[in-house]
Amino acid sequence: MKSTLLIACPLAAILLLAACSREPQQTSSVPQAATDISPLKAQAWVDDVQMGDEVSALQTVATPKSEFAPGEPIHLAMSVRDAPSAATVKVRWYGPQDVQLGYENKEVVPGQQQLTFEQDNTADWQSGDYRAEVWVGDEKVAEKDFQIIAGA
C-alpha cells in the first residue's frame with residue numbers, strides 16, 4: 001500500500017502542476033487567424049455585392065453597372081451587417097491577363113451595415129476585361145466582372 005501511495009502522490013502532483021501551468025485559451029467571436037474562418041461563415045458575412053460609378057448616402061451603389069470608361073471611378077459596395085466587428089474584408093482588383101492592379105483591406109466596425117471600396121485612378125486602364133474579388137480571411141466570397149471600354 002505504501003509503495004502505491006509513494007507512486008501515486010508524485011504522479012498526481014506532476015499532473016496538477018502541468019494543468020496549472022497552461023495559459024488560458026483566448027475566446028473571441030472573430031477568428032484569430034485568417035485560416036480559421038469556415039467558407040460558409042465567410043460567405044454569410046458579406047452579401048449583396050454591387051458595382052457602379054457612384055455610391056449613395058447609404059453607402060450602396062446608386063446604379064449598378066459593369067462597363068466603365070477609362071478614368072471613371074469604380075465603386076464596390078456590399079452589406080456586412082452579419083459580419084462580426086473587427087472582421088477584415090479584402091478586395092483585390094485584377095486587369096487583363098490576371099494582372100493584379102491593387103488591393104485594399106477594411107475592418108468592419110461595430111454596427112456597420114455597408115462597406116465600400118473604390119478605384120478612382122483608372123485613367124491608364126486599357127480597354128478589356130477586369131474583375132474585383134471580395135475576400136474574408138482566406139475565403140473568396142464574391143467576384144464581380146467588369147469591362148473598361150474606351151468611349152463608354
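Modeller: Contact means heavy atoms within 4.5 Å, and Phe146, leaving aside its neighbours within four places in sequence, is in contact with Met51, Ser66, Phe68, Ile74, Trp93, Trp125, Gly128, Asp129, Tyr130, Arg131 and Ala132. This is a predicted model, in which local features need pLDDT of at least 70 and side-chain atom pairs count only at pLDDT 80 or more, while totals for chains, interfaces and linings use all residues. Residues are numbered from 1 along each chain as its sequence is written, and side-chain values use heavy atoms, with hydrogens and water left out.

Colleague: Which residues touch the most other members of the largest nonpolar core?

Modeller: A nonpolar core is a set of buried Ala, Val, Leu, Ile, Met, Phe, Trp, Tyr and Cys residues joined through side-chain atoms within 4.5 Å. Of the 28 residues in the largest one, Val46, Leu76, Met78, Val89, Trp93, Val134 and Phe146 touch the most other members. Among the elements giving two or more residues to this core are α2 (39–45), β3 (74–79) and β4 (88–94).

Colleague: Why is β3 described as largely enclosed by the rest of the structure?

Modeller: Buried means under 20% relative accessible area, with exposed over 50% and partly exposed in between (1.4 Å probe, protein chains only). Six of the six residues of β3 are buried, so this strand is largely enclosed by the rest of the structure. Ile74, Leu76 and Met78 point one way from β3, while His75, Ala77 and Ser79 point the other way.

Colleague: How do you know that β3 pairs with β6?

Modeller: Two strands pair if DSSP finds at least two bridges between them, and six bridges join β3 to β6, which run antiparallel. In β6, the bridge partner of Ser79 is Gln114. Four bridges likewise join β1 to β3, also antiparallel.

Colleague: What makes the link between the side chains of Thr116 and Gln59 a polar contact?

Modeller: A polar contact is a pair of N or O atoms within 3.5 Å; within protein, one must be able to donate a hydrogen and the other to accept it, and residues adjacent in sequence count only if both atoms are side-chain atoms. The link between Thr116 and Gln59 is 3.2 Å.

Colleague: Why are β2 and β5 said to stand at the edges?

Modeller: The open sheet of five strands has the order β2-β8-β7-β4-β5, with mixed pairing. β2 (67–68) and β5 (100–107) each have a single partner strand, so one side of each is left without a neighbour in the sheet.
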